[in-house]
Amino acid sequence: MRFRSTNRQCPEVSLREAVLRGLAEDGGLYMPVTVPALPSAFFARLRGLTLPQIAFEAGRLFLDDDVPEDILQTIAAEALNFPAPLVTLAGDFHILELFHGPTLAFKDFGARFMARLMAHFVRVSGKELTLVAATSGDTGSAVARGFFGLSGIRVVILYPSGRVSEAQEKQFTTLGGNITAVEVAGSFDDCQKLAKQALTDAELSRTLSLTSGNSINIARLIPQMFYYFAAYAQLKDASTPVVFSVPSGNFGNLTAGLLAKRMGLPVARFVAATNANDVVPEFLRTGKFHPRASRRTLSNAMDVGNPSNFARMQDLYDNDWRALRAHVWGAGFSDADTEHAMRVAKEQNGHLLDPHTAIGLLGYRVFQRQENLPCQGIVLATAHPAKFADVVARATGANVPMPDRLSECLSRPKRSVSLANRYFDFKEMLLA
Ligand SMILES: *Cc1c(COP(=O)(O)O)cnc(C)c1O
């Protein structure tokens, strides 16, 4: 499979090059030149397949030129070694729990797979790699944990000072080794901008082999398709149309779902559920895309004002607003809505939701009410409630027991480097 830039101003590249560059030379994001279709035989066997088996069968259509099959099998088995259970809350309503990985958020799927894939490429080339990732919280922990201890890869995590929860921060500032956490005096969008600028800096790329750990990297997007298939495989009734509701920020997760649909997964509709940072729902409503500075909310992993994967969504639908709208429905929700949804879920089902998942649930409920489609809903649960224990406690009065994985790193000392929001300073740091 070859990959091309969403800006279409530079040559097609191999998967290896797309992964090691992160961002295309022309500043665009890499997309597969064609989205391969899975054969009907795959769907006939889907129910019997494990997540690593799904990853192997769907993944090899993208990776086959660059990664030998036995290595892909090992990467899939090692990266996706935790469950993604579908929990049915009502007959037609399910939650796909994507938070059973080491950092308790869905980003473990993408980060662990990407880490092993890059480690393979570094092993083959023998060339040291520097990975830069901007984070609003969960990317940092998933990437840091996914890459910790891998030889030949230096990881630099950029995060907005004072805007991530303590539990999130401790997960990527307490590792040390090949992981450096950089605390930026600015917002997540500032961090993302610094990272992007470094990736397109020709002078830097002469000295360093630099790539991105964000969902702009195609290596994170590909594995995020797999659990959509795995969710479908777990449905008792596969004949009622399926709607996936995806709590969204940078829209990597939702874009992966759109790719899974393009590969043949029968999905009736996607719900793009956001917090107050609702530029994509607004676009779906009006056809106008107005990126703006992000606003702080309780669901901080989705505080993104200029979602990077929007370019991929547009590319996948040839910039046809109507075509995209036929597959994706969107809505944004306030913090008050979010807290209310968390409270109701606890009172009605005894179910504790983190604020991001609560927005996914709200999205599905409102979609159902407005569109009145005969369907069943799958809400992607993107984080474990313990990761946002303070928000959960305030909204519901419940104390979420702290999983050992989290309490261990809370007790370790934070180590970070402070950085002004200035590209020059960041560049000096990378070159030092
Ligand atoms: C990153 C994140 C999101 C948003 O995912 P995108 O792929 O950026 O849209 C949602 N919920 C949680 C808990 C996250 O960490």
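I count Ala, Val, Leu, Ile, Met, Phe, Trp, Tyr, Cys and Pro as nonpolar, Asp, Glu, Lys and Arg as charged, and the others, Gly among them, as polar.

**Ground rules.** I am working on a predicted model, in which local features need pLDDT of at least 70, side-chain atom pairs count only at pLDDT 80 or more, and totals for chains, interfaces and linings use all residues. Residues are numbered from 1 along each chain as its sequence is written, and side-chain values use heavy atoms, with hydrogens and water left out.

The side chain of Asp138 has an N or O atom 2.5 Å from an oxygen atom of the ligand. Gly249 places a backbone N or O atom 2.8 Å from a ligand oxygen atom. For Thr382, a polar side-chain atom lies 2.8 Å from a nitrogen atom of the ligand. The ligand taken alone exposes 380 Å², of which the protein buries 97%; the areas are Shrake-Rupley values with a 1.4 Å probe.

The ligand takes up the space of the largest cavity. On a 1 Å grid over the protein atoms alone, a cavity is a set of points where a 1.4 Å probe fits but cannot get out, while a pocket is an open set with protein on both sides within 12 Å along at least five of seven lines; lining residues have an atom within 4 Å of a point. A molecule sits in either if more than half of its atoms lie within 2 Å of its grid points.

**Largest pocket.** I noted a space of about 480 Å³ here, a volume being the space filled by probe spheres set on the points. The lining has 23 residues, with Leu20, Arg21, Ser205, Ser209 and Leu210 closest to the centre. The elements giving two or more residues to it are α1 (15-21), α5 (107-125), α8 (188-199) and α9 (202-207). The lining divides into 11 nonpolar, five polar and seven charged residues.

**Second largest pocket.** This one holds about 220 Å³ of space. Of its 14 lining residues, Val344, Ala345, Gln348, Leu361 and Arg365 lie nearest the centre. Two or more residues each come from β4 (86-90), α15 (335-349) and α16 (355-371). I find that α15 gives the most, with six residues. The classes are nine nonpolar, three polar and two charged.

Definitions and conventions. Polar contact = N/O pair within 3.5 Å; in protein donor to acceptor, adjacent residues only side chain to side chain. Helix = DSSP H or I, 4+ residues; strand = E, 2+ residues; numbered from the N terminus.
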